[in-house]
Structure formats: C-alpha cells, structure tokens
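User: I'm new to this one and would like a quick tour. Could you take me through it by question and answer?

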Amino acid sequence: MDIKRVLLIVGGGIAAYKALELTRLLRKAGVAVRPVLTRAGAQFVTPLSLSALAEDKVYSDLFSLTDEAEMGHIELSRQTDLIVVAPATADLMAKAANGLADDLASTTLLATDKPVLMAPAMNVRMWEHPATRRNRATLQADGVQFVGPDEGAMACGEFGEGRLAEPQAIFEAAMAMLAGPAGQPLKGHRAIVTAGPTAEPIDPVRLLTNRSSGRQGYAIAAALADLGCEVTLVSGPTALPAPRGVRRVEVETAREMLAACEAALPADIAVCVAAVADWRPETCGVAKVKKGDAAPTLTLVENPDILATLSKSKTRPKLVVGFAAETHDVEAYAQGKLARKGCDWIVANDVSIDGVMGGDRNTVAVITQGGIERWAPADKAEVARKLALRMAEAVS
Ligand code: CTP
C-alpha cells in the first residue's frame, strides 16, 4: 500500500500543542508527516518536539538556503497528498484567502494544487469578525475543507466558538480526505440539493421571503461533491458562493425551484434543505402596489411542496431527505413530516437555539422509519460531512 503523506502547517496559537497529538495520531496510522512551522507557531511548540514526533525535518524558512536547497516550497507541495493547517490562525486564513505569500506556509498554500484541510483556532471575536467569515467563505469556495472550530472555554478566558477541533476530529477529517477514490463512495451517483429561502413576489419591488442563509444546504452539497457525487444545487437567493465541483441552478420562487429539481431528475439522492415559502401571493401585478387609505389585503395561494413531489415522483430518487426547522416540539413535528411527505429521512433542527439561523453551528436529530438519532452540536460543515457519509452508505 502507498504511504500517504501529509504536510502539516502549524500556525501560531496556544492550540499549537495539539498539533503534536495530531502528528502522533497520523504517524500511528502510518501516514508520513512533514511539518512546516510558522515563525509564530515556533513560539508555541518547539521544532524539536514536532520533528521528533513527525520523524522528519521541520521546515520553517522560505529564504533558508539549506531548506530551499533540500526541499523548496514547490517541492514541499508536490511531495504530499494533503495539506493540513492546524491550528489555522486568522492570519493564515486571511493570507490563504487572498493569495498572499510572504513566508513558507503561505507560499506553500499558494503553490499547491493538493487538497487542503484547515482547523481554525482563534479568539471567538476574531472568528466571528466579518473579515474572517469572508475569508472562510472564500477558502471554502476555493475547495478548502474545514474541521471545527469547536465551542468552549478558551485560553483567553472567554467562551465561544474558536477552539481548535480535537486532534482526533482533525485526524478523522484528514484520513477521510486521504482515502482518495476509496473515499469517493458516491462516484457515479447524482444528487439534487435544495437550499436557501425562496422569494415570492408581491409586486415588482416587494417579496415574501424568510431568514434562511442557505449555509447548511450549501455545506451538504459540498460534502456530497467531496464524496464524488455529481451535485445539482438548486438555490434560492443567498449571498454564498457556489461550492467547488457543484452545479448551481439559481431560482427565486418555489415553483421555479420545483421545475429546476424536476429538470435535474433522475437522481439517486434528493436533499431538500431549502426553506420554501409555503404560500405565495396569488397575483403579482406589473405595477408597484401604492399606499392607499386602507392596508392592502394579500391573497395567498399554496406553493407546491417540493419534498413531497420528489418523494412521489415516478423517477423517485432512491433516498429522499427532508429537513424540519422547528422552534418547538421538534421531534414530534419531524415524525409527522416524515409520514406526511413520504420521504425516507427527516433531519430535524431546533432553530429556536440562538445562532442556528444564519450561524455556523447546528444541532440535529435524524429521524428515519427505524427511529431517531440525536447528534451532538457541531459545525454545519461537520453535520454535512456526517450526513453525506450516511447518505453514501444508504445508496451504495
Ligand atoms: N419543503 C418543500 N417544499 C415546500 C415546503 C417545504 O420542499 N413547499 C421541504 C423543506 O425543504 C424541508 C421540509 O419540506 O425539507 C420541511 O419543511 P418545513 O417548512 O419545515 O415544513 P412544512 O411542510 O412547511 O410544515 P410547517 O411549515 O407546518 O412546519
């Protein structure tokens, strides 16, 4: 068997010590680890510990004659199967998102065409800063995968999201990416994913819509594509970039969403994550509704149910998955939806939890005919990865 190789970039953060445990886990699994330590990283772990655990030299200097002569930054990227950045600091993410290359780590990230896994770690406010969010979205659109960060108490004395994922979780994500074609169990399969809100016109300037950000649906589309699936993402209006390797069809209304889904059939999997408006205004005139003496009355008519329609379709996908966003009695409503819509699974989430709508984390329960499985709170990308693996098991 080929030995798999990981280039491990260790950024500067208090969590850098966990990179040592990650190195140990990878080595134990027979993976070759070549460490790149940033200048800031070297403030937290010593090259000696990293080198001893990795059983390789530690590379740190872009301009070192010996490093460049032995193994230049291009060669470092060539001679690896996967780059793991742990901890990925806000600075490393910002550099990578913008293509900056002023040290060995950032130059290697720019010079590579290999898969990249980032495990961010930073103070909660840095993580939540719009700049970091933008950088993460850019990196995701560039195909970079993320694991974590976790929520919890931080070294800076604060509590929140920003803790480095546990070494075991980073190790598992890295191993899944290293699995290569064997890690692409959905190769040759097709999936349709609906995501985002729908927008139903009232008149040429007004809409009926909702707060869905599309994040969970986009993460599922990306996770399915990572497993080799051919994915059509039918998306309502969102601010998100299309994930790499996914065909996105942009729609506005529920009826357009249904038509785009039907056009994408046949498929093996359909995942309806979109927050479809149940109702639409009966008419949408060409003229703007003007303010009169009395408040206007909106007459609403029911929209088609995309999930139910796909579940009953003559060319029904083998696996049809719905989502149930609820604010109360989550599991009871989800059970009802499973029966009513005729789908195979309902993934229920409690949107009354602060930060779920529009946020990065989600707490879900998966309801099937066989019962209910409650998952621990996790990053939406991790929920998506886990769900995609489950879907792969179910259809293959
Ligand atoms: N759904 C759909 N088309 C609709 C309405 C909902 O495809 N017109 C899908 C959603 O994408 C989701 C599931 O059905 O996968 C459940 O959506 P939800 O809005 O929670 O259910 P509703 O049937 O609208 O029930 P309620 O509004 O009473 O909760």
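Predicted model: local features only at pLDDT ≥ 70, side-chain atom pairs only at ≥ 80, totals over all residues.

User: How many residues of strand E16 are buried?

Analyst: Strands are DSSP runs of E with at least two residues, helices are runs of H or I with at least four, and both are numbered from the N terminus. Buried means under 20% relative accessible area (1.4 Å probe, protein chains only). E16 spans residues 319-326 and is mostly covered. Of its eight residues, the buried ones number seven.

User: Which residue of E17 does Phe323 stand opposite?

Analyst: Two strands pair if DSSP finds at least two bridges between them. E16 and E17 (residues 345-350) pair in the parallel sense over six bridges. In E17, the residue opposite Phe323 is Val347.

User: And on the E13 side, which residue of E16 is opposite Cys272?

Analyst: Strand E13 (residues 269-272) runs parallel to E16, with four bridges joining them. Opposite Cys272, E16 places Gly322.

User: How far is the oxygen atom of the ligand from the side chain of Lys341?

Analyst: The ligand has 15 residues around it, and the closest include Cys272, Phe323 and Lys341; here a residue counts if one of its heavy atoms lies within 4 Å. Backbone atoms take part too: a nitrogen atom of the ligand is 2.9 Å from a polar one of Pro304. For Lys341, an N or O atom in the side chain lies from a ligand oxygen atom at 2.6 Å.

User: Is Asn135 buried or exposed?

Analyst: Asn135 sits in helix H8 (residues 130-141). Leaving aside neighbours within four places in sequence, Asn135 is in contact (heavy atoms within 4.5 Å) with Met93, Ala94, Ala97 and Asn98. Its relative accessible area is 12%, so Asn135 is buried.

User: Which strands stand at the edges of the five-stranded sheet?

Analyst: This open sheet has the order E2-E1-E3-E4-E5, with parallel pairing. Each edge strand has a single partner strand, so one side is left without a neighbour in the sheet. Those edge strands are E2 (32-37) and E5 (145-146).

User: In E2, which residue is the bridge partner of Leu7?

Analyst: Strand E1 (residues 5-10) runs parallel to E2, and six bridges join them. In E2, Leu7 has as its bridge partner Arg34.

How values were computed:
Residues numbered from 1 in each chain as written. Heavy atoms only, no water. Buried < 20%, exposed > 50% of the residue type's maximum accessible area, 1.4 Å probe, protein only. Polar contact = N/O pair within 3.5 Å; in protein donor to acceptor, adjacent residues only side chain to side chain.
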